[in-house]
Amino acid sequence: MSAFPATRLRRLRRTDALRSLVRETRLDLDDFVQPLFVGPTSVANEELPAMGRHSIEDVVAEAGELVSLGVNAVLLFGIPEEEEKDDEGSGAWADDGIVQRALRALRAEHPELVLVTDVCLCEYTAHGHCGVLRDGEVQNDETLELLARTAVSHVEAGADAVAPSDMMDGRVGAIREALPETPLISYAAKYASAFYGPFREVAESTPQEGDRRGYQMDPANVREALRECELDLVEGADVLMVKPALPYLDVIRAVRERFDSPVAAYNVSGEYALVKAAAAKGYLDERQAALESLTAIKRAGADIVFSYWTKDLARWL
Ligand code: PBG
């Protein structure tokens, strides 16, 4: 192998066209999923525009805009009225629940749009934990049936795919048993992360007491993430997700190398908010920082990216 002066890597960096010719990673809108929040009324979010809350009418219009921009898929989160919350989170599987109503409206208007739902109880429980709470402990096995019930109600209302984000052991198997035909995107390696902060503000799902470290993963662990993924595949997951994305690119890479199933990454609310806040201060350019972030997530090995920038990306590409 020859070295400098014969070899000069700058030769292929000289023009846009040359750089494009040798580019290893490209962003394709088809790989992106836009998260959407549905609630009783629309509430705009000035600082984090992609995290506004949509009424059902408004979410149908927003989906229409996304479809016309070429977006393939959305991930739905429901935010019920405060007084609808209870200890079990029964709003999660209510036939006339917020997500179920949104699904019926979206299914009717946008048959081609892939509708993925987040399956979890934390937005619906009064205590804000992702499962049944007893003596300060989230009860794993009792929660499984409630999650399966929630997933079934989503599919009955029109969901194309379900994405359990609760991190109970055995939830993929429980949902798979109830829904043999439904694509299941498992939040397989979901870490107990500070980067969910803005989401919890919007979704009003901060635990009243304690935190989620008893069920979400310790940020220090990567071998454990591979065990989570392996178990989820055995239980019937179709897609493995790593979450958050940017602080966990090594985990995305490790999952990519170990498994052949599609790998998803969730570019979470805190990752979006960091860039938004820095851009608002003039510290960096949002578009460049976002494109660089999304490219890094793809480069690490993600096939599918859940990102609040999906709609912006549609305009940027
Ligand atoms: C629900 C859920 C959370 C996120 C997705 N599903 C919050 C949490 O686990 O506390 C976070 C998404 C984001 O931060 O963008 N369990």
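1. The lining of the largest cavity comprises 10 nonpolar, four polar and six charged residues. In this classification Ala, Val, Leu, Ile, Met, Phe, Trp, Tyr, Cys and Pro are nonpolar, Asp, Glu, Lys and Arg are charged, and the others, Gly among them, are polar. The model is predicted: local features need pLDDT of at least 70, and side-chain atom pairs count only at pLDDT 80 or more, while totals for chains, interfaces and linings use all residues. Residues are numbered from 1 along each chain as its sequence is written, and side-chain values use heavy atoms, with hydrogens and water left out.

2. Of the 20 residues that line the largest cavity, Lys190, Tyr196, Phe199, Arg200 and Lys243 lie nearest its centre. A cavity here is a set of points, on a 1 Å grid over the protein atoms alone, where a 1.4 Å probe fits but cannot get out; lining residues have an atom within 4 Å of a point. Strand E8 (185-190) and helix H6 (197-203) each contribute at least two residues to this lining. Helices (at least four residues) and strands (at least two) are DSSP runs, numbered from the N terminus.

3. The largest cavity holds about 140 Å³ of space. Such a volume is the space filled by probe spheres set on the points, with grid points joined across faces, edges and corners. The ligand sits in this largest cavity, meaning that more than half of its atoms lie within 2 Å of the grid points.

4. Around the ligand are 19 residues, the closest being Lys190, Arg200, Lys243, Ser269 and Tyr308. A residue counts as near if one of its heavy atoms lies within 4 Å. This shell divides into 10 nonpolar, three polar and six charged residues.

5. A polar side-chain atom of Arg200 lies 2.6 Å from an oxygen atom of the ligand. A nitrogen atom of the ligand is 3.2 Å from a polar side-chain atom of Asp118, and a side-chain N or O atom of Lys243 lies 3.3 Å from a ligand nitrogen. Taken alone, the ligand exposes 400 Å², of which the protein buries 100%; areas follow the Shrake-Rupley method with a 1.4 Å probe.

6. The whole structure has two cavities of 30 Å³ or more.

How values were computed
Polar contact = N/O pair within 3.5 Å; in protein donor to acceptor, adjacent residues only side chain to side chain. 1 Å grid on protein atoms, 1.4 Å probe; cavity = no way out; pocket = protein on both sides within 12 Å on 5 of 7 lines; lining within 4 Å.
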